[in-house]
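Trainee: I'd like to go through the labels on this structure and ask what stands behind each of them. Can we start once it's on the screen?

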Amino acid sequence: MGFAASHWIFGWILIFIVLLFGCRGRTEGPIRYSVLEESEAGTEVGNVARDLGVDVRDMDGRKFSLTYKTKMQYFTVSMESGALLTKEILDREALCGSIAVCVMNLEVVMDNPLEFHRLEVEIVDINDNAPLFPASESRFTVAETTLPGTRFPVEGAFDADIGTNSVCTYSVNSNDFIGLKTESSDCKGKSIELVLKKPLDREQQAEHHVTITAADGGTPKRSGTSEIIINVQDANDNPPVFDREEHTVKVPENTAVGTLLIRVNATDLDEGANGQIFYSFSSRTLSSVKHLFIIDAENGEIRIIGFLDFEESNMHELYVQAQDRGSPSMNAHCKILVEVIDLNDNAPEVEVTSMSSQVKEDAQPGLVIALFTVTDKDSGVNGEVRCHVTNVLPFAIESKYQNFYSLFVKEPLDREAASEYNVTVLATDGGSPSLSVMKTIVVSVSDVNDNPPTFSESSYVTSVPENNVPGSHVIQVSALDPDTGDNAQVRYSLLENSVDIVSILSLFSVHPETGVINALQPFDFEKLQVLHFRVEAKDHGSPSLSGITNVTVFIQDLNDNPPTIFQTGSGSAGSEATILVPRSASSGHIATKVRAIDADSGHNAWLSYEFKDSIMGTPFRIGRHTGEISLKQTLGESYPEINELIILVRDHGTPPLSATATLTVLLVEMNPEVKSGYKQVDKSENDVTHLNSYLIISIAFISGIFVFCIVLFTTLRCIKARDEKVAREEHDFCHDGAGHVSYSQPHPQQYNLYLAAQSECNLTIRKSKLITQAPGNTTASGEIVGDLMLAYSSAEGNATQSFIEVRGVHDTRILLKTVFKLTSQPAN
């Protein structure tokens, strides 16, 4: 029981080992099949799909194909069953000639993934050829003096089959005179001779017929016959004899034409014509060999007349015949075996069997992109080939087995650095001197979206004049993507953001293909000086990549606002006003100041003042830059009481804009009644008493207002000091000794700084200074453009005029005015 169990276990282990090594052989080496020659077309040789472990259903999808080393395709693979089938009737003799083992090499190539396998199909010989003699009938003459035992060499039969299917036995028909003798007992290349059994007697029988039968060793046996007719004749009874019946000569391939190969020698014991010998190739010598060699008929020298190529044939057989000139002539035969020595005369050959059309630039290292074979027709060391890649590239080759190689990715690829590679493979054999060949394999790298669009500039700055036409050009942005195809096609768009609660998309538009940015609305510098927005460039890759740039647009100021003149005296505001000037005022007395403002900035807001029409003999003059109207001489009694001045205010823009105002000047005495526009007051004591009461009330009211202004001014100064402290942290101020102000700000703005001074005659004047800063300039400049507060007081006339004006900065302007009040009292 135990013995049976152990025997059973041992059997299973043995089966496992056999299967294991069998599977390894099929995996690591070529798959070998065999098929009988002369098999019908469609004969199944073996199942390739099953032996390779490939599902039949996947064969078509993986592009299952066969490659051949021969011009004709003798095999095919059924896509339905995976079987290897014959396409033609196979003739082993036509395919392999006299080669003992006839093997055809096939290669199987499959994609997805890329694989290749080698198949070997052995064509098994069958006994399909009968022995064949060179001639079905031949004649020769034998002298009757020929002694018994004399041998007569005859040409044997040729059988295209090999092995036991070739000629194995010879026989002759029953004959008293002629017998048969063969040299060897095997089935290879026998030479036969006819042997004379007993002397011939021409008078008894002048002609003998001998039938030689050659039979092969196949099943069923096949045979061929040749009839030899022997003529018996008197005379030449000694045949030529070679000094050696067989010679072996070794000669290198590519030996020069005309080179002496060997010299054969035969002798004949006869004399005269019976002893004269001439040489020739017998009919057993193949015609192809006769094109390579020539024999001199007189001296037996054999020379080379053709090109010897080891790769075509490494051995040649020459059959030489020596024949005398007797009658009948006699002959002898010898065999010369020519061995061709291989030289390194063939460079290696590289053939690409499979190639991927394109490789993605994100291909992982190790990816196989091409398969190729390297062969050398030479043999031995001359046929051993080494391969490597000559140039430094991100590719390498690897030997699979024997002469099969694969080209694979060695390092990461970058299409933007190189979109195509010329991989040069150098194959060198082991000969001396060695021969080599170079094969260039072109590898195209396909693009992957791995580069975002990049703008030519990190940020763009431009300017647009205000009052532009909607749709006008602003700037063009440009971005490039080093990828190709859809991955490099860039589309531009604006990113959403708001400016003063207005969407940037309502102010600008960008062309999606050209990057041209146009303005959708006209701009007003007085409302908006600078705009910031972002432009995005996105490619069409999957997934898409994008880049962003910043665009800054400055609005350029145009002179589109004329100056605006504020009230300078009594009367209606704007273009007309009235002021009072005492007739006793001296030269240089400031009568009033014209105040005007321009909503533009820079030179467009710089104002100049002048009288519109030159007034001959007028005692007044106006400051060109200050707008102050003063007396240029003392007034006399001859000057009219009412004077009308037309004031022209002009800016410095191009073209300049202007505004006019009419100022009526009333000249008043020291204690006269106020004329023109003022009510006449009767002079009485009661009226004077009431007037004094009104004067006291007015003074008290003005004093209260003054105290309130002082408190307000102090409060505003404290707030301003705090704001300036915060502003110093954000901006840089600089004061020089002359009272100029420097201020750092990235955008052009307009500010009014106010300076206060007290005159000797209780005239409080607060001057405003217009400061304009241009972009990139840290020094402000300006000129006096108006008064903040004008208080005029006259003790002689007891008249009081109050006026307060507050002008704000930026775009907000607040105008506060006191109630205009004028009182008058006659002189005592």
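Trainee: What makes you say that R415 and E416 meet in a salt bridge?

Mentor: Their side chains come to 3.2 Å, N to O. A salt bridge is a side-chain nitrogen of Lys or Arg within 4 Å of a carboxyl oxygen of Asp or Glu, so the pair of R415 and E416 qualifies. Keep in mind that this is a predicted model, where local features need pLDDT of at least 70 and side-chain atom pairs count only at pLDDT 80 or more, while totals for chains, interfaces and linings use all residues. Residues are numbered from 1 along each chain as its sequence is written, and side-chain values use heavy atoms, with hydrogens and water left out.

Trainee: Why is R415 called buried, and why is E416 called partly exposed?

Mentor: Buried means under 20% relative accessible area, exposed over 50%, and partly exposed in between (1.4 Å probe, protein chains only). R415 has 10%, so it is buried; E416 has 25%, so it counts as partly exposed.

Trainee: How do you know that D447 forms a salt bridge with R415?

Mentor: The closest N and O atoms are 3.0 Å apart. D447 sits in the loop between β31 and β32, and R415 in the loop between β29 and β30, so this pair ties together parts that are 32 residues apart in sequence. D447 is buried too, like R415.

Trainee: What makes R32 and E122 a salt bridge?

Mentor: Here the closest N and O atoms are 3.6 Å apart. R32 is in strand β1 and E122 in strand β7, 90 residues apart. R32, at 44%, is partly exposed, and so is E122, at 24%. The structure holds 16 salt bridges.

Trainee: Why do β17 and β21 count as paired?

Mentor: Two strands pair if DSSP finds at least two bridges between them, and β17 and β21 have three, in the antiparallel sense. Strands here are DSSP runs of E, at least two residues, while helices are runs of H or I, at least four, numbered from the N terminus.

Trainee: Which strands stand at the edges of that sheet, and why?

Mentor: The order is β17-β21-β20. β17 and β20 each have a single partner strand, so one side of each is left without a neighbour in the sheet.

Trainee: And why is I710 called partly exposed?

Mentor: Its relative accessibility is 42%, so I710 counts as partly exposed. I710 lies in helix α5, residues 685-730.
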